[in-house]
Amino acid sequence: MRKLLLLTILLVSAITKIMAETIPFLDYQLNNEDIADTTKHSGKSGWSLGILPSLAYDADNGFTFGVLANIFDYGNGKDYPNYRQRYNVKTTYSTKKTGTLRLYYDSNCAIKNHKIAIDLSYITDPASDFYGFNGNQSVFNKEWIDPESSDYVTRSFYMRKTNIFRISFDINGLIVGNWNCNAGVGVLNISENRVNDGFFKNSYDTVPDLIELYWQWDIISEAEKNGGCHPFIHGGFVYDDRPCRVNPPKGIYADLFLTYYAAFGKLKDYNNVVLNFNFMHYVTIVNNYLIFAYHIGGQNVIMGKSPYYLQNYENKLFIDKDRYYGLGGGTTLRGVLRSKIWVPGFAYANIEFRTVFWNFKLFNQYFSLGANLFLDAGVATQKYNTNEREVKAAFAAQQADSQSWLAESGKTIDDFFDFDADLYRPHFSAGLGIKIAMNHNFVLSGEWGAPFNEQDCKSMANFYLDLGYLF
């Protein structure tokens, strides 16, 4: 109850700061007194600047705070709520020491008849999740990370350190009608290591984390264990007939694209090609008030071999969030542990009923309050290749060493692996959320999600306070 009260206070505080600190560059008037549907207003024009503290919470990163600035150019307003161009600057830090520095720009007017997006991001996470490979076949023991449990091992057991540097340029051009082609180029550098931050792991703690055991058992090779740098190119096709980008009342968005990741040096065997697809459909049930929306997406390695750290990184043509994780977490399966189903290939679906029940104008801005109910489902479509016989042999050899942690702790291989489990058994979660939107495009989102299987979660439910809709 105290946690729920704290989250409610945080949500109210964030809303208040948005209203108080958003400064429009250009004043405007309502052209229509009926504001039941904010997407219909044509009065918003010119430039609009929003600067506010970035406040967020989720079960993966804890409380996140920082500064976020959005600059929208609405032009003459005839296409509102769509904008001509947007500048986004974000710098944040979380109570779990995840840091983000991001510069982002997207435009419909910089190049005639083309959309472009430029992203420059640095993301550091000293305690990112790692629960093993192949989802259902990796056993999760939540008591091992609970200091109050008699089976407590170490807080950082299911953690690893990861840093991401990304720079990308994407361009989208019209083919005919609502069909577009897309191409992009960039560099993705990911560094990986064991947890070495004193906040999560004391210097005298000699218990290995799961990632270290995977190194010792040679499940993760020496070449890939510390990450690497991967220049990439991608290209594909997009169909988009939505009337607006954020919470459209109707329409379809679909894309299909390939990404080639280059690899050099010790990683030269890890060149790979990845196929991604997304299909989003929005249907109005009750005009201006109730929308049914669903999203089907997936990612599969179709050529070459992908290093393990790219398998929980979901590719996107245009990156709205700082990072899209693999199967599990707030960007795919809400309520499920982040990256819990770690596989080279996966597919998932998000189904939502959305409503906007109150629209009003305050501080010369358009606001709306809404809610959503959702059901998420995901499934592995490709397996991370591990040699069961070799893993068992490496485990047995380590267990036979009386000085090893495995021998001292009395852990068995069944505490880590369930090789007989159905890898392709689906994962489900469900929940609800509330939405506070300003000028239609700026949405503060709070969502609660709970998985159906206790192996997919540390607690009964996870909470996410963030910006925007999931899709």
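Student: Which residues are exposed on the other side of α3?

Tutor: This is a predicted model. In it, Arg389, Ala397 and Ala400 are exposed on that side of α3.

Student: And which ones are buried in α3?

Tutor: Val391, Phe395 and Gln398 are buried there. They cover an arc of only 65 degrees around the axis, which puts them on the same side of α3.

Student: Why do residues three or four places apart point the same way in an α-helix?

Tutor: An α-helix has 3.6 residues a turn, so residues with that spacing point the same way.

Student: What covers the buried residues of α3?

Tutor: The cover includes α2 (210–216) and α4 (405–409).

Student: How far apart are the end C-alpha atoms of α3?

Tutor: They are 18 Å apart. Helix α3 has 13 residues, 388–400, and at 1.5 Å a residue it should span 18 Å, so the two values agree.

Student: Which residue caps the N-terminal end of α3?

Tutor: Asparagine 387 does. One of its side-chain oxygens lies 3.1 Å from the backbone nitrogen of arginine 389.

Student: New topic. Where is phenylalanine 72 found?

Tutor: Look in strand β3, residues 62–73.

Student: Is phenylalanine 72 buried or exposed?

Tutor: Phenylalanine 72 has a relative accessible area of 7%. The cut-off for buried is under 20%, so phenylalanine 72 counts as buried.

Student: What is phenylalanine 72 in contact with, leaving aside neighbours within four places in sequence?

Tutor: Its contacts include Trp47, Tyr83, Arg86 and Asn441. Phenylalanine 72 and tyrosine 83 are eleven residues apart in sequence, and their C-alpha atoms are 6.5 Å apart in space.

Notes. Residues numbered from 1 in each chain as written. Predicted model: local features only at pLDDT ≥ 70, side-chain atom pairs only at ≥ 80, totals over all residues. Heavy atoms only, no water. Helix = DSSP H or I, 4+ residues; strand = E, 2+ residues; numbered from the N terminus. Expected span 1.5 Å × (residues − 1). Buried < 20%, exposed > 50% of the residue type's maximum accessible area, 1.4 Å probe, protein only. Arc of directions from axis to C-beta. Contact = heavy atoms within 4.5 Å. Polar contact = N/O pair within 3.5 Å; in protein donor to acceptor, adjacent residues only side chain to side chain.
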